[in-house]
Amino acid sequence: MRKTKARIRPGDVVLFAVTLIVAILFAFPIYFNIMSAFKTNGEILRDAIAFPSGFYLESFKYLLTKTDYPKAISNSAILTAGSIICMIFIIPMAAYGIERKNSKWTNGVYIYFLFGMMIPFQVYMIPLFKQLKTMGLFGNLAGPILIYIAGSVGFGVLLYTSFLKGIPREIEESAEIDGCSRIGIFWRVVFPLLGPVTASMVVLQGLGIWNDFLMPMLVLPSGEPKTMIVELFFYVGEFSSRWDMIFAGTTMSLVPVLIAFLSLQKYFVKGVSSGAIKG
Amino acid sequence: MSASFVKTKRKTWWKDYALWFILPAFALYSVFVIWPTLSSINLSFTSWDGINPDIRYIGFENFKEMWNSPRVHNALINTIYLAIALVLLENIVALALAVLVDKVRWFRNLFRSIFYFPVLMSGIIMGFIWMIILNYNFGVVNQLLDAIGLGNLKTDWLGNPDFALLSIILSTVWKAAGYYMIIYLAGLQGIPQELMEAASIDGAGRWKQFRHITFPLLAGATTVCVMLSMIGSLKMFDQIAVMTNGGPGFATETLTYIIYRVAFGEGRQGFGTALALVLFILILLISLVQIKVLRKREVQM
C-alpha cells in the first residue's frame with residue numbers, strides 16, 4: 001500500500017530475519033504436534049525435532065478402531081453443528097426485535113443480555129449442574145446445546161444489533177407494503193444482509209464449542225465417550241506412555257480448525273476486531 | 001381516515017412481533033445463565049455436597065472458612081501473580097508481534113497467520129503439546145539445553161514447584177498473544193502515515209516516533225487488550241487441568257481451579273459456589289477499575 005517498489009534496504013532484511021525467527025518459534029509446537037502424529041512412540045522419544053522416518057499410521061488406526069474416539073468425534077460434531085444452527089435461528093431474531101423496536105422495554109432486555117457477557121461459566125456451573133439434573137437434561141447432548149445457545153446470547157445480540165444499525169429500514173418498509181409478514185421480512189430480506197456477522201458468529205462460536213472442555217466434561221454422562229477434547233484429556237492420563245496416539249488424536253481435532261481457518265480467515269480476523277469493540 | 005387506520009394497525013402488530021422474536025433467546029438465557037447465577041447466591045450459604053437431597057444452611061461459614069484458609073490465600077496469590085504476569089507479557093509480546101507484522105516487507109499475511117494460529121487451539125491440546133516439550137527426560141527444551149552445553153539448567157519444568165506456574169504462564173503467552181496482536185494491528189493500521197513522516201522530518205528517530213506517537217495513539221487498543229487479557233487470565237482453566245492439575249502440591253492452583261477441585265473433586269459444592277461468587281465479584285471490580293483508569297489516557301484523534 002505505502003511501500004511501492006522502494007529499493008531493499010538492509011533494515012528490511014534484518015527485520016525480515018527477526019520476524020522469521022520469531023515465526024519459527026511460534027510455529028514449532030504445531031509442527032511438533034503434526035510430525036509426532038506420524039512417528040512411532042520410540043521416534044518421538046529419540047529425537048523430537050526430526051522428520052518422521054516413514055508415514056506411520058498405526059496410531060490413527062488404533063485410535064479409530066480400538067478406542068471410543070469415533071463416538072467422541074461424532075459427539076463433538078453434533079454439539080458444534082447443533083448449537084450453531086440453533087443460535088443462528090434464535091439470536092439474530094432477538095437482536096432484530098431489540099434494534100428495530102427500540103423502545104424502553106427492549107432496551108432493558110438489551111442491557112439484561114449484555115450483563116451475561118460479564119458472568120464467567122465457572123460462576124454458575126455448580127448450580128447449573130444441579131439444575132440440569134432436576135430438569136432431566138443431564139447426560140444427553142441437548143443439555144450442552146441449550147447451555148451453549150444461552151451462553152452466546154449476550155455476545156451474539158451485541159454483534160447483530162450493532163450491525164443492524166447500519167442497515168436502512170427502507171428496504172423492509174417496501175417489503176412490508178408488498179404484504180410480507182414480519183417474520184417473512186426478517187428471513188427473506190434482513191437475514192441475507194446479515195451474512196458477514198453470521199459468518200463471524202459461526203466461526204467464533206463454532207471454534208469455542210469445538211474446543212470447549214470443562215462444560216462437556218461435567219454434564220455429559222460419565223462412563224461414556226464425551227467430546228474429542230474431553231477424551232484427549234482422559235487419554236493423557238490413561239495412555240501416558242503412548243504419546244504417538246495422543247498426538248494422532250490432537251491432529252484429528254486440529255485439522256478441521258486449520259481447514260476452517262485457511263478458508264474463512266477474514267471472518268476470524270473480523271470477529272476478533274468486532275468482539276474487541278465491546279471494551 | 002385511512003392513514004390513521006394504518007397507524008393503529010401497525011402499532012399492535014409491532015408489539016406482537018418484537019415480543020415473539022425476543023422470547024426464545026430471553027427464555028434460554030434466563031433459565032441457563034441468569035437463574036443458576038442467582039441460585040449460586042443461595043447455594044453459597046449451604047454445606048451442600050452435590051448429592052444429598054437435604055441441603056443444610058450454614059450462614060456465613062463458607063465465607064469465614066475462605067477468609068481463614070491458607071489454601072484459598074495461596075490460590076488467590078497464584079491468581080494475582082498469573083494475572084499480572086499474563087497481562088504484561090501477553091500485551092508486550094502482542095504489541096511486538098503487531099509491529100513486526102506491520103513493518104515486515106515480505107510474507108506479511110503468512111506471518112500474521114502463524115502468530116494467530118495458536119489462538120485457535122484448545123487449551124487442552126496446547127497444554128498437552130507443551131507438557132511434552134517441557135518433559136524432563138524427552139522434552140525438546142531439556143534436549144536443547146543439553147545440546148548447547150547448559151545441561152545443568154535442566155529441570156522438571158512442570159514438576160518443580162518453582163517453575164510450574166512460570167511454565168504455564170509462558171506457554172499461555174504463546175497461545176494468546178496472537179489474539180491481542182490482531183487488535184493492536186488494527187490500531188497500528190489506523191494511525192495516519194503523515195504523522196510519522198512529519199515526526200521524522202522534525203528529526204524524531206524510530207524509537208521516539210514509537211514512544212510519542214504510536215504508543216499514545218494505541219491507547220484504545222491497549223484498554224481493550226488489557227481488559228480482555230486480565231479477564232482471560234482469571235478464567236484460565238484448561239492448561240492447568242492438563243499440565244499440572246493444580247500441582248505440584250498447590251503450586252499452580254488458581255481461583256478457577258480451586259472452585260472446580262473443591263466442588264467436583266472433594267464434593268463440597270456449597271463452598272465451591274461461595275468461591276465462585278468471590279471470583280465473580282473480583283472480575284466485576286477489576287473490569288470497572290480498568291475501564292475508569294485506562295479510559296483516561298486515551299488520545300482522541
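Biologist: What makes helix α1 (residues 10-37) and helix α13 (residues 243-263) of chain A a crossing pair?

Modeller: In this predicted model, their axes come within 8 Å and cross at roughly 115°. Axes here are lines fitted to C-alpha atoms, for helices over the stretch in contact, and angles run from 0 to 180 degrees between N-to-C directions. Two packed helices are described by the angle between their axes and the distance between the axes. The helices themselves are DSSP runs (H or I, at least four residues; strands are E, at least two), numbered from the N terminus.

Biologist: Which residues of α1(A) and α13(A) meet?

Modeller: Asn33(A), Ile34(A), Ser36(A) and Ala37(A) come from α1(A), while α13(A) brings Trp243(A), Asp244(A), Phe247(A), Ala248(A), Thr250(A) and Thr251(A). Contact means that C-beta atoms, placed from the backbone, lie within 7 Å. Ala, Val, Leu, Ile, Met, Phe, Trp, Tyr, Cys and Pro count as nonpolar, Asp, Glu, Lys and Arg as charged, and the others, Gly among them, as polar.

Biologist: How are the names to be read, and which residues qualify for such descriptions?

Modeller: Residues are numbered from 1 along each chain as its sequence is written, and chains are lettered from A and ligands numbered from 1 in the order in which they are written. As this is a predicted model, local features need pLDDT of at least 70 and side-chain atom pairs count only at pLDDT 80 or more, while totals for chains, interfaces and linings use all residues.

Biologist: Why does Phe237(B) count as partly exposed?

Modeller: Phe237(B) has 19 C-beta neighbours inside 10 Å, so it counts as partly exposed. Phe237(B) lies in the loop between α10 (219-235) and α11 (238-243) of chain B. Not counting residues up to four places away in sequence, Phe237(B) touches Leu214(A), Thr256(B) and Tyr257(B). From Phe237(B) to Thr256(B) is 19 residues in sequence and 6.6 Å in space, C-alpha to C-alpha.

Biologist: How many residues of each chain are in contact with the other?

Modeller: Chain A puts 69 residues in contact with 70 residues of chain B. On the side of chain A, α1(A) gives the most, with 13 residues. That side divides into 50 nonpolar, 14 polar and five charged residues.

Biologist: Where does helix α6 (residues 121-135) of chain A bend?

Modeller: The bend is at Pro127(A), by about 35°. That value is the angle between axes fitted to the seven residues ending there and the seven starting there. Pro127(A) is one of the buried residues of α6(A), which include Tyr124(A), Ile126(A) and Leu128(A). Just after α6(A), Gly136(A) takes a positive phi of about 75°.

Biologist: How do you know where the predictor is confident in chain A?

Modeller: By pLDDT, the predictor's confidence in each residue, from 0 to 100. Chain A averages 86, and 95% of its residues score at least 70. The mean is lowest in helix α14 (residues 265-276) of chain A, at 70, and highest in helix α4 (residues 69-101) of chain A, at 93.

Biologist: What does pLDDT say about chain B?

Modeller: Chain B averages 85, with 92% of the residues at 70 or above. Over residues 1-8 of chain B the pLDDT is below 50, and this stretch has zero contacts in the model beyond near neighbours in sequence. The model as a whole scores ipTM 0.87 and pTM 0.87.

How values were computed. Buried ≥ 20, exposed ≤ 12 C-beta atoms within 10 Å, placed from the backbone. Contact = placed C-beta atoms within 7 Å.
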